[in-house]
Amino acid sequence: MCANGIPQNSVNGVVSKEAISEEDAAHLIETNLLIKSEEAFLLNFPHFTAEQFEKFVSLFDMNDEKIGDLLAEWIITVRNHFESFVPKHLHDQINQWVNCYVHQIIGYVTDELIRRGILRKPDSNKPLTDGVFSVEGNYINP
């Protein structure tokens, strides 16, 4: 999409029908990236100006040392518990196990946020587009 200038040439997430071929539009609708309306196509993901994106990202810039300290303490406690029952010859693998173990919390948090209605459960019948967004500016081909 970006290589063809679709998000960059949209205005407020609206893509004119002239800006895209019928075949490309059908493919993008099928992959859940566009929505068809009567007059045009709509991006099915957020489209930010650079200023909007900077403001959005700043909302997640939390420097809470207390939470960081609590998490670090918990991780150290988990590691110490692993060390208490893992045989000595496997101690060099403990960090990998602890890493896997502590990252499981993400699943529990995600499930709880879905249960509370804060996160939306993805539609299993459509391709996943959550996490897709565009920011105005030049296309960067990684």
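Predicted model: local features only at pLDDT ≥ 70, side-chain atom pairs only at ≥ 80, totals over all residues.
Let me begin with a definition: a residue is called buried when its relative accessible area is under 20%, exposed when that area is over 50%, and partly exposed in between, with a 1.4 Å probe and the protein chains only. By that rule Asn125, at 71% relative accessibility, counts as exposed. Asn125 sits in the loop between H5 and E5, where helices (H or I, at least four residues) and strands (E, at least two) are DSSP runs numbered from the N terminus. Its C-alpha atom is separated by 24 Å from that of His47, the two residues being 78 apart along the chain.

Residues are numbered from 1 along each chain as its sequence is written, and side-chain values use heavy atoms, with hydrogens and water left out.

Now to the sheet. Strands of a sheet pair through backbone hydrogen bonds, either parallel or antiparallel. Here we have an open sheet of three strands in the order E1-E3-E2, with antiparallel pairing, and two strands are taken to pair if DSSP finds at least two bridges between them. The edges are strand E1 (14-16) and strand E2 (34-36), each of which pairs on one side only. From one strand to the next the twist averages 35 degrees, the axes being lines fitted to C-alpha atoms (for helices over the stretch in contact) and the angles running from 0 to 180 degrees between N-to-C directions.

Taking the two pairings in turn, E1 and E3 run antiparallel and are joined by three bridges, and Val14 has Leu42 in E3 as its bridge partner.

Most residues other than glycine have a negative phi, and most peptide bonds are trans. Asn12, in the segment before E1, has instead a positive phi, near 55 degrees, and at 74% relative accessibility Asn12 counts as exposed. Asn32, found in the loop between helix H1 (22-30) and E2, also has a positive phi, near 75 degrees, but at 14% relative accessibility Asn32 counts as buried.

Next, the charged side chains. Which residues pair in helix H3, and at what N to O distance? The side chains of Glu83 and Arg79 meet in a salt bridge at 2.5 Å, N to O, where a salt bridge means a side-chain nitrogen of Lys or Arg within 4 Å of a carboxyl oxygen of Asp or Glu. Both residues lie in helix H3 (residues 65-85), four residues apart, about one turn of the helix. Glu83 is partly exposed at 36% relative accessibility, and Arg79 is partly exposed at 24%.

The whole structure holds four salt bridges. Another of them links Arg116 to Glu112, with the closest N and O atoms 2.8 Å apart; Arg116 is exposed at 56%, while Glu112 is partly exposed at 25%. Arg120 forms a salt bridge with Asp130, the closest N and O atoms being 2.7 Å apart. Arg120 lies in the loop between helix H5 (105-115) and strand E5 (134-135), and Asp130 in the loop between H5 and E5, so the pair ties together parts that are 10 residues apart in sequence. Arg120 counts as exposed at 55% and Asp130 as partly exposed at 38%. Through shared partners, salt bridges also join Glu112, Arg115 and Arg116 into one network.

Asp130 brings me to the last topic, the largest pocket, whose lining has 15 residues, with Pro46, Thr129, Asp130, Gly131 and Val132 nearest its centre. A pocket is, on a 1 Å grid over the protein atoms alone, an open set of points where a 1.4 Å probe fits, with protein on both sides within 12 Å along at least five of seven lines, and lining residues have an atom within 4 Å of a point. About 290 Å³ of space lies in the largest pocket, a volume being the space filled by probe spheres set on the grid points. Its lining divides into 10 nonpolar, three polar and two charged residues.

Definitions and conventions
Nonpolar A, V, L, I, M, F, W, Y, C, P; charged D, E, K, R; others polar.
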